[in-house]
Amino acid sequence: MKKLLILGGGTAGTIIANKLHEVLDQSKWHITIVDRSETHYYQPGFLFIPFGIYTSKDVMKPKRDFYPRGVEVVIAEIDKVEPDNNRVLLKNNQILSYDYLIVATGTHIHPEETEGLIDENWHKNKFDFYTLEGACALANFFKSWEGGKLVLNIVEMPIKCPVAPLEFLFLADSFFTQMGMRDKVDIHFVTPLPGAFTKPIASGILGDILEKKNIKLTTEFGIARVDNEKKVIVSWDEQEIPYDVLVTIPTNKGDSAIERSGMGNEFNYIATDKETLKSKNYPNIFVIGDTTDLTSSKAGSVAHFEAEILYDNFLNAVEGRPMRAKFDGHANCFIESGYGKGLLIDFNFDVEPLPGKYPLPGIGPFSLLQETKMNHYGKVMFRWMYWNLLLRGQELPVTSNMSMAGKRY
Amino acid sequence: MAAREILGKMLEFDNDNHLKNRDDWNEEVAVELAKEEGVLELTDRHWLVINFMRKEYMEKGDAPSIRKLTKESGVETKELYALFPKGPAKKAAKVAGLPKPTGCI
């Protein structure tokens, strides 16, 4: 019996478990998934919670509903991986050995990395929306807020879902307008990047939308600390930006188990071959989703596209055949822009987001880098696709490698 | 992609305006590149960062992030921002004749 161990039962881990379980001979393979929690969170939905569009029940389901039948599920914290001994130590003292390991432990926020962020005002006038607790606390805060300075700050790159901060700003503009208090809210986006987004063409287009929506943009701001007395964020070069409510995208880091295992970089992400998705250092370890050190976006769509590649390469690797599938860094993200509209971007390692139509060239129905109602419906529909198709490893009507067809350049 | 003259020699630059050919770099070129970034004088502390970045790049094939610089070069974040204002990792990589660090996409 060969043992496949999957660490992490989030989006990436669940998709790859479903895909591989479908084809691996059950009389020859034993698949085990380890995760610390029983609840699967639909993380793209967290964004909508502060604005009362979703509540917590819209984004939670039991993880076990999505794991394939017949895999062993272990609910436990991971202590560390011992890649040289082909085994994983759990905090409950259990030891799991493996022939092949797939690491999908993801990335998490670390507000404690920034001085002054965590104190008695955390989740009172300083919030994150990358956790359910943070998103719900902010929803409660907005219910009785009378306006003032709303600052959204990205602490440092890379972060999970780099478009989420922009979507938050667009939705905030729409939300406060509909509440009839947009004139009382000063929205300010403070980022360490040189522009609104990481890629130049999209950055320009999104920057223009920010301006149109009267959202102030401060770039190249590296936050050093929060001064809670003065209610300002302070940069390393001592610039100050005042806030009444601070929404932070804290430092993102991979799981601490990766650090304890000595397998990660300075952010606890694992050195991964960008084409095959195999670990650069261990021949029987694959890495998927937010856990990799690749420059592709940390997002569910990327995990989904990677799963197609990893699936192919895994099946060849275990049979001793050469790995042929190559990941191209493909990402595909809906961007809510408020007022029932949205944008869509589609890009990879080499090609930045461009305008055009998707997925059918010239037809769409979705428009790239353009605000349309159809893109918004795409995002709304996506939650259904996520629970019913994507997590279960089923085919979606889009290709895993990016296509230039339909793009204007 | 563009070429421009530095110290009397035409040098090629990539789309991020970083030096394209590693062999074109030397300490005199670094001084000129630093001036373009508003860093008028390169002190021992600047050189410590530049040399660390070049060493990292040669070993790993990628210029380090600010977090890595702070962790391993022995220069605190605050000082990094003082030495290379605004974006220390990007600026130091540029002066060091390296491509933009992939971490700061």
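What covers the buried residues of α2(B)? The cover includes α1 (27–36), α3, α4 and α5 of chain B. The structure is a predicted model, in which local features need pLDDT of at least 70, side-chain atom pairs count only at pLDDT 80 or more, and totals for chains, interfaces and linings use all residues. Residues are numbered from 1 along each chain as its sequence is written, while chains are lettered from A and ligands numbered from 1 in the order in which they are written.

Helix α2(B) has 17 residues. Helices (H or I, at least four residues) and strands (E, at least two) are DSSP runs, numbered from the N terminus. From first to last C-alpha, α2(B) reaches 24 Å, close to the 24 Å expected at 1.5 Å a residue; the expected span is 1.5 Å times one less than the number of residues. Its buried residues are His46(B), Val49(B), Ile50(B), Met53(B) and Glu56(B). A residue is buried if 20 or more other C-beta atoms lie within 10 Å of its own, exposed if 12 or fewer, and partly exposed in between, with C-beta atoms placed from the backbone. Just after the helix, Gly61(B) takes a positive phi of about 80°.

Helix α2 (residues 44–60) of chain B packs against α5 (residues 88–95) of chain B at about 80°, with the axes 9 Å apart. Axes are lines fitted to C-alpha atoms, for helices over the stretch in contact, and angles run from 0 to 180 degrees between N-to-C directions. The two helices are therefore roughly perpendicular (65 to 115 degrees; under 35 is roughly parallel, over 145 roughly antiparallel, the rest oblique). Val49(B), Ile50(B) and Met53(B) of α2(B) meet Ala92(B), Ala93(B) and Val95(B) of α5(B). Contact requires C-beta atoms, placed from the backbone, within 7 Å. This contact has 6 nonpolar, no polar and no charged residues. Ala, Val, Leu, Ile, Met, Phe, Trp, Tyr, Cys and Pro count as nonpolar, Asp, Glu, Lys and Arg as charged, and the others, Gly among them, as polar.

Between the chains, 15 residues of chain B are in contact with 12 residues of chain A. On the chain B side, α3 (66–72) and α4 (77–83) each give two or more residues. The largest share, 4 residues, comes from α3(B). By class, this side has 5 nonpolar, 5 polar and 5 charged residues.

Technical notes: Contact = placed C-beta atoms within 7 Å.
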